[in-house]
Amino acid sequence: MALPSASKEIGPFQDATGNQFEIQAEIVKPNRSALLKKSLALATTIHPQFALITLEELAVEVVGIELALEMIQTVRGNVHVMVNPSYSYNTEAIVANAQRFHLICQIIDPNFDTNRLVTKVPATWEGLQAARQLKRSGMKTLATTLFSIEQAILAGEAGCTSISPFVHELKTETYEGYKDGNPIFGVCMQAQQFYRQKSLPTRVKACVTLNLDEIIMLAGIDALTITPQVLKDLAATERPQEEVEGMSLFGRPAKATEPVTYPSYIDCESQYRIHFAASEGGKAQFKTAQAIALFCDAQTAVELYIKSQLEDSSYIPINL
């Protein structure tokens with residue numbers, strides 16, 4: 001979400017996405033001072049409407065929406081904004097967070113089509129039950145921090161617009177040299193097959209790939225989340241069609257086997273929790289919790305930085 005100039009070089013793109021790490025990286029840049037100042041002034045103005053959360057938390061949400069709306073002109077589809085990860089196990093708080101996103105969009109740009117806003121919710125039981133409620137209200141969601149077929153099934157049943165399976169642990173992106181010995185290419189394939197089998201509209205948008213070979217392995221998936229630098233590398237790379245088709249996991253002929261039957265989880269919390277706890281030998285639950293913890297760290301860092309900026313300066317409320 002941070003590099004609109006990339007679209008001029010190798011775009012256009014379908015969607016744009018962001019998270020707390022990207023917000024953290026953006027707001028400290030000198031060239032973002034005007035956007036930060038504008039966001040803090042707006043958050044100060046509208047905070048009385050959202051008095052149940054802190055000013056710095058609201059400011060993080062405003063910055064996230066501002067960055068998303070900045071990108072809307074460079075994509076054909078949707079922009080994605082992540083809820084506060086500290087709400088990952090609180091359905092009501094996630095629903096309220098998504099509703100605030102929509103209200104903030106309307107305040108910043110009354111002409112923005114909020115049908116193009118997708119709220120990223122954690123792929124926890126609570127997060128996906130929130131997605132179910134938001135679907136009923138006409139709000140789009142993406143299930144993030146997803147590492148298992150059980151999460152994918154529940155996300156599809158909840159009505160998520162899309163899911164983002166993390167091919168590797170999030171830690172591989174945040175800790176240099178860290179390796180994930182159990183990437184989930186298979187989960188990506190299983191999820192897409194399940195949605196096709198059940199005629200569900202949920203799309204699979206894989207993320208946290210490490211190199212071009214892994215991107216090619218996923219050729220044929222509904223969508224991929226790719227960083228601007230990797231996109232540039234991909235645009236500069238040529239591979240023979242036969243090589244790509246041979247490497248793609250989705251391009252291989254399917255074996256003549258009976259369709260896999262999966263249980264329904266949407267109204268069975270106990271069965272879901274038991275199956276998810278055992279998924280991938282317990283690794284899926286660990287990776288999900290780890291990713292949520294890392295996003296929470298980023299959320300805290302952003303809030304602390306914004307709080308320091310609020311203490312150092314006075315922001316005059318905006319006349320809306």
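This is a predicted model: local features need pLDDT of at least 70, side-chain atom pairs count only at pLDDT 80 or more; totals for chains, interfaces and linings use all residues.
1. Helix 2 covers residues 20–27 and helix 14 covers residues 283–312; they pack at an angle of about 30 degrees, and their axes are 8 Å apart. Angles under 35 degrees count as roughly parallel, and helix 2 and helix 14 are therefore roughly parallel to each other. Their crossing is left-handed.

2. Helix 6 (residues 125–136) and helix 7 (residues 149–158) are a second pair to look at, packing at an angle of about 20 degrees with axes 8 Å apart. That angle makes helix 6 roughly parallel to helix 7. Here the crossing is right-handed.

3. Which residues of helix 6 and helix 7 meet? From helix 6 come Trp125, Leu128, Gln129, Ala131, Arg132 and Lys135, and from helix 7 come Gln151, Leu154, Ala155 and Ala158. The residues of this contact divide into 6 nonpolar, 2 polar and 2 charged. For anyone following the spacing along these helices, an α-helix has 3.6 residues a turn, so residues three or four places apart point the same way.

4. Helix 7 deserves a point of its own. Of its 10 residues, 9 are buried, so helix 7 is largely enclosed by the rest of the structure. The buried ones are Ile149, Glu150, Gln151, Ala152, Ile153, Leu154, Ala155, Gly156 and Ala158. What covers them includes helix 6, strand 4 (140–146), strand 5 (162–165), helix 9 (185–198), helix 13 (269–278) and helix 14. After helix 7 comes Gly159, with a positive phi near 90 degrees.

5. Two backbone angles are worth checking on your screen. Most residues other than glycine have a negative phi. Thr145, however, has a positive phi, near 50 degrees. Thr145 is found in strand 4, and at a relative accessible area of 1% it is buried.

6. Where is Glu280 found? It is in the loop between helix 13 and helix 14. Glu280 counts as partly exposed, with 32% relative accessibility.

7. Next, a buried arginine. Arg100 has its place in helix 5 (residues 91–108) and is buried, with a relative accessible area of 9%. What does the side chain of Arg100 make a polar contact with? Its partner is the side chain of Glu61, at 2.8 Å. Setting aside neighbours within four places in sequence, Arg100 is in contact with Phe50, Ile53, Glu57, Glu61 and Tyr87.

8. Finally, Thr114 lies in the loop that runs between helix 5 and strand 3 (117–122). Not counting residues up to four places away in sequence, Thr114 touches His102, Cys105 and Gln106. For a sense of scale, Thr114 and Asn211 are 97 residues apart in sequence and 34 Å apart in space, C-alpha to C-alpha.

Conventions. Residues are numbered from 1 along each chain as its sequence is written. Side-chain values use heavy atoms; hydrogens and water are left out. Helices (H or I, at least four residues) and strands (E, at least two) are DSSP runs, numbered from the N terminus. Buried means under 20% relative accessible area, exposed over 50%, partly exposed in between (1.4 Å probe, protein chains only). A polar contact is a pair of N or O atoms within 3.5 Å; within protein, one must be able to donate a hydrogen and the other to accept it, and residues adjacent in sequence count only if both atoms are side-chain atoms. Contact means heavy atoms within 4.5 Å. Axes are lines fitted to C-alpha atoms, for helices over the stretch in contact, and angles run from 0 to 180 degrees between N-to-C directions. Angles under 35 degrees count as roughly parallel, over 145 as roughly antiparallel, 65 to 115 as roughly perpendicular and the rest as oblique. A crossing is left-handed if the near helix is turned anticlockwise from the far one by less than a right angle, and right-handed if clockwise. Ala, Val, Leu, Ile, Met, Phe, Trp, Tyr, Cys and Pro count as nonpolar, Asp, Glu, Lys and Arg as charged, and the others, Gly among them, as polar.
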